[in-house]
Structures are given as structure tokens and as C-alpha cells.
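Please examine the sequence and the structure shown below before reading on.

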Amino acid sequence: MKLVISLNNKSRLYDYHDMGIRYYIIGTSYSLYTPHILSIDDIKEMILSYPDCYFYVNLNALYDQNEINDIELYIDSLSYIGVSGLLFQDFGILQIVKEKGYDFDMMYAPETLNTNAQSINTLSNLGITSAFLSHVIPLEEQVNIKHHTTIPLMMFGHGVEYMAASKRKLITNYKEASQKAFDDDHLMIQDRSSKKKMYIFENNRNTLIFTEERLYTLDLLNQIHDMDYLYIETLFMDDNEAIEVASIYSDALSSTNYNRDVSDLRALLYQMYKPLGRGFLFDNTVYKLEDVRKIDNEKRESNH
């Protein structure tokens, strides 16, 4: 299993490289969200400086028609500089790559849709060469999908989790309607039912909401070791936290006995005083097909 980092600081790439990490997700102005935006020149420089690394560019937004020409030119540039792969959810991105004949690893990365092996296997026939599993399904189901798919899979391993997005400028609209002035940096909202706090922010595309808790899987490596990639999301991490987390997971993955050696490393995670959680890993799926059918039948009976 290979460790993958969303790169939050180009100048610290050497730190990650020294840990043995070779896979990186790069954010751009076309990304749905990213801890840092890098230019084509930045990406080219990294590719030339670290030829043993694999750089994937995050093009995982849903794009308007008026953006397609610009994105096509951008993908042309990525091909010229030798980017390894693209993360995407808009099938327009896949179509552009297929029409151009480019040789990217095309990782299908919608936030919530990769939830079963059948769909992933079917999509692989359309040109998808790897996939990012949804983080909103239980661990058991993610492992089961891995055992029944034919392409490499990436699993969310550590970091804040995406919860919702809107193309509306919700924060800007709220400021205008309420006439309140406040700092947008690390702005948080609180869920009324669970009382949990969440990050909310705007970028040039969306308003996005993320958990404050960092999902962690450090002590689950024995269960997920068959996954091809384990992803660390560095959004809302400063340099020190990102490097420390990457180092902890890198050390754990290099261990010969996960259960024996992980306890001290887990203590280091807790010492960072960042809220940790399990996300949806141990929640049961709320609705399965048979449940939906049962509910529909009950509704029909009650109407008669």
C-alpha cells in the first residue's frame, strides 16, 4: 500500500520525499478544493526535480460548459510536462483525455459515488484506470469492494472529511444579508443535532463544508493493507501537522508488525491535540436496496 499526500507546500516536498513518499496530489485553480494552488511552472519544476515521484493533478470539480475550452488547454499543458495522472469526477475530463489520446492514470474521484464493486468494474471499461473509494461507507464495505474490483483503489486514510458543497456563495450572501463582519479564515459552523463543529469556506467555485475531526486509520492498517493507495488530506493542516502526520503513517507502513508497533505512533497523533474520529468507517449503511423496497411497500399499503 502506497501513501499519497495532498501537497500543501511545495517547499516541503523534500521532507515528504525523505520519508519515502512518492505519490502526490496537486491542487490547481480548477480543483473542487485544495490545500494549496500550484501553477503549471510549479508542477513542471517538481516533476523535473523529483523524477522518481508520481504527481496527480486534482481536476475533481463539475465544470460549466464555458470552462471546457480552458480546461482542454490546461490538460494539454499537463500532458506536455509529464503529469502521471488526473483525479476527476466530471466525465467531460475523461472524454477530453480519450479524444486526445493522452496516457494519464485516470482516477475517478467523485466524493460519494464509488460505493460498490460492480459500478467501478463497469466504469473501468470506459477508460477509468483507478478509483478513489467513497469515505461515507463502512470500512467492511470498502475492503469488500477492493476484493471484487479489477483496478487500483485509493482509500481515505487521514484528514478532514468533505461533507457538503454548494455553488452558491453562501458566506458572502450571509454577510450581505446579516450585515455582519467576520473573518473568513477557519470559519466554523456547528451542527444542531450532534453539536459537532465543522469548517466552512468559500473558494472561487463553491462553498464547502468539512469535518473538524480528522479521520484516522493508523491502527487499522492490518485490515486495509490490500488497498493500493492510502490518502492523507492536508486541508486545514499547517506544515508541522501535515509533516508529522505523514511521518507517522510512513513509519507505520514501513513496520513489519502493524499491531505491535502502532501504539507508540498512535500516541503521537493524540499529542497533536487535533480532534480525531472514525467518520463513517464503523457506521452501518442506513439504506440498502431491500430497505428501500420495504419502505415503498409499507407506503403503498398505508395508502390503501
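The lining of the second largest cavity comprises six nonpolar residues, five polar residues and one charged residue. Here Ala, Val, Leu, Ile, Met, Phe, Trp, Tyr, Cys and Pro count as nonpolar, Asp, Glu, Lys and Arg as charged, and the others, Gly among them, as polar. A cavity is a set of points on a 1 Å grid over the protein atoms alone where a 1.4 Å probe fits but cannot get out, and lining residues have an atom within 4 Å of a point.

The model is predicted: local features need pLDDT of at least 70, side-chain atom pairs count only at pLDDT 80 or more, and totals for chains, interfaces and linings use all residues. Residues are numbered from 1 along each chain as its sequence is written, and side-chain values use heavy atoms, without hydrogens and water.

The whole structure holds five cavities of 30 Å³ or more; a volume is the space filled by probe spheres set on the points, which are joined across faces, edges and corners.

| Cavity | Volume |
|---|---|
| Largest | about 160 Å³ |

Among the residues lining the second largest cavity are Tyr-33, His-36 and Glu-233. Tyr-33 is also one of the residues nearest the centre of the largest cavity, which 15 residues line.

Conventions. On a 1 Å grid over the protein atoms alone, a cavity is a set of points where a 1.4 Å probe fits but cannot get out, and a pocket is an open set with protein on both sides within 12 Å along at least five of seven lines; lining residues have an atom within 4 Å of a point.
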